[in-house]
Amino acid sequence: MLTKAQITDWVEQIGEKKYRAGQIYEWLWQKSAHSFEEMSNLSKSLRELMEKTFVILPITIDKVQKSVDGTIKTRFKLHDGHLIESVLIPVPRDNRYTVCVSTQVGCSLTCKFCATGKMKRVRNLEAAEIYDQVVLVNRQAEEIFDHPLTNIVYMGMGEPLLAYKSVLKSVEHITSPEGLHMSPKRITVSTAGIAKAILRLAEDEVKFNLALSLHAADDDKRNEIMPINESNNLEVLMKAIKEFYRTTKNRISFEYILLQGVNDDIEDAKKLAKLCAHFPVRVNIIEYNPIEDGVFIKTAIAKMDAFANYLIDQGIVVTVRRSRGKDIDAACGQLANKDN
Ligand code: SF4
């Protein structure tokens, strides 16, 4: 992947005017051109030379599923044939149009409730492949809802902090004036909890928000459903996030999927409330979207409300998210895992 400085160097080396670099960059990063042929404001000879020198590895839309609730899931095919997915979640009453992007093909972590966790990790996505998901879904949002994306969450297939460089580089392009020029405050990167990488984010003084996929508030339960907890326990994670907050002051949230009989008792809520005392944090309680193995069942609405209300009574900021796209394969990894 070429930076603007590298493109500028190349353009100068071949004796072209410097402003050509800006045009090429715009074609690649704002218009997401799939071929050099499309770059109509460049001369034919320059396009031909680029064709011989570089290669564009575009992602293409492979399948789109639309839910009755407006959620749109898109499966993308990568240049090497692998499949990934992004989800567009529109909430018109709040003027909120969020895309959830993937960062890896498959995933090496094996969270028990996740369809992607059942696929092996194949490779990390390139920054450009993450960026292209955002550009293409942004187009979808504009075409279908007449509104651009307002928020980006890195919560799709894969563990973003294991694709660290690609994630940071893609954020750089999304926020750059020559890219999509979105505010980093509108971007949330989620992690299943890799303490070292969270500390690295703090060191790198990133400007985006951080979400921890918590899903259980004690080590025994978390080890059970998220094996990554065995090497990154809650104490270590809380320390790392505390440091992240101390350095960046960026917004932190805990994601908590309620699973019936697993993590949905008031006792669990009490433990969760204690974890919230370490730093300012909001909690997103999420209704489970079952995957095909049928191991976990979603918590009933009344119990979800009781769980959320307990936290609210403790003064914690809580959002309850009903699951979206129930009539499509909207749980992470479900669509990419399908044969057709
Ligand atoms: S929840 Fe995220 S980190 Fe866990 S297995 Fe699924 S994709 Fe990987």
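Me: Is the crossing of H1 and H2 left-handed or right-handed?
Reply: The model is predicted: local features need pLDDT of at least 70, side-chain atom pairs count only at pLDDT 80 or more, and totals for chains, interfaces and linings use all residues. Residues are numbered from 1 along each chain as its sequence is written. Helices are DSSP runs (H or I, at least four residues), as are strands (E, at least two), and numbering starts at the N terminus. A crossing is left-handed if the near helix is turned anticlockwise from the far one by less than a right angle and right-handed if clockwise, and for H1 and H2 the crossing is right-handed.

Me: How is H1 oriented to H2?
Reply: Axes are lines fitted to C-alpha atoms, for helices over the stretch in contact, with angles from 0 to 180 degrees between N-to-C directions. Angles under 35 degrees count as roughly parallel, over 145 as roughly antiparallel, 65 to 115 as roughly perpendicular and the rest as oblique. H1 (residues 4-13) and H2 (residues 19-29) have axes 8 Å apart, at an angle of about 135 degrees. H1 is therefore, relative to H2, oblique.

Me: Which residues in H1 meet H2?
Reply: Contact between two residues requires C-beta atoms, placed from the backbone, within 7 Å. An α-helix has 3.6 residues a turn, so residues three or four places apart point the same way. On the H2 side the partners are Arg 20, Ala 21, Ile 24 and Tyr 25, and on the H1 side the residues are Lys 4, Ile 7, Thr 8 and Val 11.

Me: Is Thr 8 buried, exposed or partly exposed?
Reply: Thr 8 lies in helix H1. Leaving aside neighbours within four places in sequence, Thr 8 is in contact with Lys 18 and Ala 21. A residue is buried if 20 or more other C-beta atoms (placed from the backbone) lie within 10 Å of its own, exposed if 12 or fewer, and partly exposed in between. Because Thr 8 has 18 other C-beta atoms within 10 Å, it is partly exposed.

Me: What do the buried residues of H2 pack against?
Reply: Arg 20, Ala 21, Ile 24, Tyr 25, Trp 27, Leu 28 and Trp 29 are buried in H2. These buried residues pack against H1, helix H3 (44-53) and H5.

Me: Is Phe 36 buried or exposed?
Reply: Phe 36 sits in the loop between H2 and H3. Apart from neighbours within four places in sequence, Phe 36 is in contact with Arg 47, Met 50 and Glu 51. Because 21 C-beta neighbours lie inside 10 Å, Phe 36 counts as buried.

Me: How do the residues of the contact of H4 with H5 divide into nonpolar, polar and charged?
Reply: Helix H4 (residues 127-145) and helix H5 (residues 164-175) cross at roughly 45 degrees, their axes coming within 8 Å. H4 is therefore oblique to H5. The contact is made by Ala 127, Ile 130, Tyr 131 and Val 134 of H4 with Ser 166, Val 167, Lys 169, Ser 170, His 173 and Ile 174 of H5. With Ala, Val, Leu, Ile, Met, Phe, Trp, Tyr, Cys and Pro counted as nonpolar, Asp, Glu, Lys and Arg as charged and the others, Gly among them, as polar, the division is 6 nonpolar, 3 polar and 1 charged.

Me: How is H6 oriented to H8?
Reply: Helix H6 (residues 195-203) and H8 have axes 8 Å apart and pack at an angle of about 10 degrees. H6 is therefore, relative to H8, roughly parallel.

Me: What is phi of His 215?
Reply: His 215 is in the loop between strand S9 (209-213) and helix H7 (219-225). The residue is buried, because 27 other C-beta atoms lie within 10 Å. In this residue other than glycine, phi is positive, near 65 degrees.

Me: Is Lys 249 buried or exposed?
Reply: Lys 249 lies in the loop between helix H8 (234-248) and strand S10 (252-258). Its phi is positive, near 60 degrees, in a residue other than glycine. Because 11 C-beta neighbours lie inside 10 Å, Lys 249 counts as exposed.

Me: Which residues around the ligand are the closest?
Reply: A residue is near a molecule if its C-beta atom, placed from the backbone, lies within 6 Å of it. The shell around the ligand divides into 7 nonpolar, 4 polar and 1 charged. Of the 12 residues that surround the ligand, the closest are Cys 107, Cys 111, Cys 114, Thr 116 and Gly 117.
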